[in-house]
Amino acid sequence: MNESQQRLCDKYGVKPYPCVDGSKIGISLNVKEGVQPIHGLRCEPTVDTCGWYIWAGDWSDDPDFFNPLHLEHLPEWCSQSLPFLQLPPGWRFLIAPDYEDVWFDENLQL
């Protein structure tokens, strides 16, 4: 865990929930294109995923909207999401230039 991740968990009073090395996230392709805002939500991890879904712009129900990405490639795709990765399941974030919102979403099916 890096310092920015620890600060964020401290700020929201949550115990850090690390991602397992080698796990995957679900990510929309438009994240790499720089579309704003960036959304993230964390579900319960599975055997090979850390539970994070990250997308840019509007949500889509298209079954191909999210693509698997190994966590170690996330800095190339969306480095601004890295501080949020230690938030536990049920947490969400929304970021854009000069904007940040972080909250627990009790409506997420965990």
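A residue counts as buried under 20% relative accessible area, as exposed over 50%, and as partly exposed in between. In this predicted model, Y12 has a relative accessibility of 25% and therefore counts as partly exposed. W91, with a relative accessible area of 11%, is buried.

## Aromatic pairs

A search of the whole structure finds ten aromatic pairs. One of them is formed by Y12 and W91, with 5.9 Å centre to centre and 55 degrees between the planes, a tilted arrangement. Y12 belongs to helix α1 (residues 3-12) and W91 to strand β5, so this pair ties together parts that are 79 residues apart in sequence.

Y53 and F66 form an edge-to-face pair, because their ring centres are 5.2 Å apart and their planes stand at 75 degrees. Y53 lies in strand β3 (residues 49-56) and F66 in strand β4, 13 residues apart, and the pair links distant parts of the chain. At 33% relative accessibility, Y53 is partly exposed. Y53 and F66 also belong to one aromatic cluster, together with W55, W59 and F65.

## The sheet

Six strands make up an open sheet with mixed pairing, in the order β4-β1-β3-β2-β5-β6. At its edges are β4 (66-70) and β6 (99-104), each of which pairs on one side only. Direction ignored, neighbouring strands of the sheet are turned by 20 degrees against each other on average.

Strand β5 (residues 91-96) runs antiparallel to β6, and six bridges join the two. Within this pairing, I95 stands opposite E100 of β6.

## Nonpolar cores

The largest nonpolar core holds 24 residues, and I25, L74 and L87 have the most contacts inside it. Two or more residues each come from α1, β1 (24-28), β3, α2 (74-78) and β5. The element that gives the most is β3, with four residues.

Apart from neighbours within four places in sequence, I25 is in contact with C50, W52, I54, N67, P68, L69, L71 and L74.

How values were computed: Residues numbered from 1 in each chain as written. Predicted model: local features only at pLDDT ≥ 70, side-chain atom pairs only at ≥ 80, totals over all residues. Heavy atoms only, no water. Pairing = 2+ DSSP bridges. Axes fitted to C-alpha atoms, helices over the stretch in contact; angles between N-to-C directions. Phe/Tyr/Trp six-rings, centres within 6.5 Å; stacked < 30°, edge-to-face > 60°. Buried < 20%, exposed > 50% of the residue type's maximum accessible area, 1.4 Å probe, protein only. Core = buried A, V, L, I, M, F, W, Y, C linked by side-chain atoms within 4.5 Å. Contact = heavy atoms within 4.5 Å.
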